[in-house]
Amino acid sequence: MDKETKRLIEENNELLHKMHSAQVRGKIYRFIYWIVIIALALAAFYFVQPYIEQVRNMYTTFEDTKEQAREGDFSLEELQQLLENE
């Protein structure tokens, strides 16, 4: 094997190692990227969930009040108390 061929083989091997390490780093970065995205989504849900519960409770109260009003089971005093509490 002459010197030029040996040098080309070594250079090729070095480039292949660099390409492989870049590919491994890319996979690691992509994995970390998705972990961060999922963690942020879960954290956002954790912080927003109390507000969602409040809105859902208000909606349920509204639906119950509407149903009572439709059935005529609602007195004026109950309506005043409901308006004062909200």
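Tutor: Rings of Phe, Tyr and Trp (its six-membered ring) are said to pair if their centres lie within 6.5 Å; planes under 30 degrees apart count as stacked, over 60 as edge-to-face and the rest as tilted. The model is a predicted one, in which local features need pLDDT of at least 70 and side-chain atom pairs count only at pLDDT 80 or more, while totals for chains, interfaces and linings use all residues. Residues are numbered from 1 along each chain as its sequence is written, and side-chain values use heavy atoms, with hydrogens and water left out.

By that definition, the structure contains two aromatic pairs. In one of them, the ring centres of Tyr33 and Trp34 are 5.4 Å apart and the planes stand at 80°, so the pair is edge-to-face. Tyr33 is partly exposed, at 48% relative accessibility (buried means under 20% relative accessible area, exposed over 50%, and partly exposed in between, with a 1.4 Å probe and protein chains only). Trp34 also has 48% relative accessibility and counts as partly exposed. Tyr46 and Phe47 form an edge-to-face pair as well, because their planes meet at 75°, with 5.3 Å between the ring centres. Here Tyr46 is exposed, with a relative accessible area of 59%, and Phe47 counts as exposed at 57%.

The charged side chains come next. Side chains of opposite charge can pair when their charged atoms come close. A salt bridge is counted when a side-chain nitrogen of Lys or Arg lies within 4 Å of a carboxyl oxygen of Asp or Glu. Four such salt bridges are found in a search of the whole structure.

One of them joins the side chains of Arg7 and Glu4, with 2.8 Å from N to O. Both residues belong to helix H1, which covers residues 3-71, and they are three residues apart, about one turn of the helix (helices are DSSP runs of H or I with at least four residues, strands are runs of E with at least two, and numbering starts from the N terminus). Arg7 is partly exposed, with a relative accessible area of 42%, and Glu4 is likewise partly exposed at 42%.

Another salt bridge links Lys18 to Glu14, at 3.5 Å from N to O. These two also lie in helix H1, but four residues apart, again about one turn of the helix. Lys18 has 49% relative accessibility and Glu14 has 46%; each counts as partly exposed.

Arg56 and Glu53 meet in a further salt bridge, with an N to O distance of 2.1 Å. Because they are three residues apart in helix H1, about one helical turn separates them. Arg56 is partly exposed at 47%, and Glu53 is partly exposed at 27%. There is also a network: salt bridges that share partners join Glu4, Arg7 and Glu11.

These contacts can now be set against the whole chain. The secondary structure of the protein chain consists of two helices and zero strands. Its C-alpha atoms fill a box of roughly 105 × 20 × 10 Å along the principal axes. The radius of gyration of the protein chain is 33 Å, whereas a compact globule of 86 residues would have one near 12 Å (the radius is taken over C-alpha atoms, and the globule rule is 2.2 Å times the number of residues to the power 0.38). Ala41 gives a sense of the spacing: this residue lies in helix H1, and it is 39 residues from Asp2 in sequence and 59 Å from Asp2 in space, C-alpha to C-alpha. Ala41 is partly exposed, at 47% relative accessibility.

Of the 86 residues of the protein chain, 1% count as buried. The protein chain exposes about 8,300 Å², of which carbon and sulfur atoms supply 63% (accessible areas come from the Shrake-Rupley method with a 1.4 Å probe, and for residues only the protein chains shown count as cover).
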